[in-house]
Amino acid sequence: MNLMNIITKQLIEIIEWTDDSRDTLSYRWPDDDKEIKNGAQLIVRESQQVQFVSAGQYADLFSPGKHTLTTQNIPILSTIQGWKYGFNSPFKCDVYFINTRLFTGNKWGTSNPVMVRDQDFGAVRLRAFGTYDFRIVEPAKFLKEVAGTDQNFRIDEFADTMRSRIISVFTESLAKARVPVLDVAQRYGELGDALLPLINPAMTDKYGLEITSFVLENVSVPPEVEQAIDKRSSMTAIGNLNDYVKYQMGQTMTTGGEGAAAATLPATMAMGFGMAQEMMKSMQNGGGAGGAPAGQA
């Protein structure tokens, strides 16, 4: 084997990576301590981006396509390496493939109840769980803050950190949005979309990630809050029934005759429901036991 063949085998001419794992977030291309040939071909597939890192500094970023590595295509790397007038010799550089596809169905949940403040119930402990989808949108930040120099960084290595961060941001966003606990417990299907604009800035700024979908599958509150919600729902139903009975009374009284006589029972029911409503309102406003004694003017 002649010297030219030895040199050729020591140079990298094509750089590409085919991901068949479905769970790899980033992959440091193994160069086996070889140098990259001037004019080498870089192949970046769909749902990939390639980040060059030289001497610990983040250099050029490549999007999907076929790229020839020359001075014109790697201006940041050229500056870092000091190639003011172009280069003809091989060079060394770390090459990271970033998987930019959507990672779906990731689970999150509160291992312990989180405390939120509510204008109706005061401090309330909530438990919640659901799913989220995300993708990498800032490769350099993701490599710096998450993957580091790991050669094959998989999603399971980041799952616990991501889950705890999601819960933290969820709690902060819920506090900022000032969503009543009643709405959290009854309308959590809509809450995920409402919180997404508050969650995303923190995730992008910290990790270079974008949360594309945030779903609350279940939110649970303490038993006493559940009882209060049930009472609130019951009072709403009573109010609606009271209006219905009054309407029926009016309709019956306009018919006259037997119909008018039949209005006695609905009238009694309406009075009963009305009194019940007033008593409930009085109890909620702190009334009831503190009224004036019977017989006083």
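Predicted model: local features only at pLDDT ≥ 70, side-chain atom pairs only at ≥ 80, totals over all residues.
## Ser220 and its neighbours

Two residues are in contact here when they have heavy atoms within 4.5 Å of each other. Setting aside neighbours within four places in sequence, Ser220 is in contact with Arg125, Leu126 and Arg127. The C-alpha atoms of Ser220 and Ala128 are 6.3 Å apart, although 92 residues separate the two along the chain.

Ser220 belongs to strand S12, which covers residues 209-220. Its relative accessible area is 27%, so Ser220 is partly exposed.

## Around His67

Next up is His67, in strand S6 (residues 65-68). Is His67 buried or exposed? With a relative accessible area of 18%, His67 falls under the 20% limit and so counts as buried.

A polar atom of the His67 side chain lies 2.8 Å from the backbone oxygen of Ser63. Leaving out neighbours within four places in sequence, His67 also has contacts with Ala40, Gln41, Leu42, Val44, Phe62 and Asn73.

The largest nonpolar core has 42 residues. Which of them touch the most other members? Those are Trp108, Leu126, Phe134, Met162, Leu174, Ile211 and Phe214. There's a second, separate core too, with 22 residues, including Ile15, Ala40, Leu77 and Cys93.

Back in the largest core, take a look at Ile211. Apart from neighbours within four places in sequence, Ile211 is in contact with a list of residues that includes Tyr132, Phe134, Met162, Ile166, Leu196 and Met203.

## Aromatic rings

How many aromatic pairs are there? The count comes to 14. One of these pairs is Trp83 with Phe91, an edge-to-face arrangement with 5.3 Å centre to centre and 70° between the planes. Both partners count as buried: Trp83 has 16% relative accessibility, and Phe91 has 3%.

Phe142 and Phe153 also make an edge-to-face pair, with 6.1 Å between centres and 75° between planes. Phe142 sits in helix H3 (residues 139-147) and Phe153 in strand S11 (residues 152-154), so their pairing ties together parts 11 residues apart in sequence.

Methods:
Residues numbered from 1 in each chain as written. Heavy atoms only, no water. Helix = DSSP H or I, 4+ residues; strand = E, 2+ residues; numbered from the N terminus. Buried < 20%, exposed > 50% of the residue type's maximum accessible area, 1.4 Å probe, protein only. Polar contact = N/O pair within 3.5 Å; in protein donor to acceptor, adjacent residues only side chain to side chain. Core = buried A, V, L, I, M, F, W, Y, C linked by side-chain atoms within 4.5 Å. Phe/Tyr/Trp six-rings, centres within 6.5 Å; stacked < 30°, edge-to-face > 60°.
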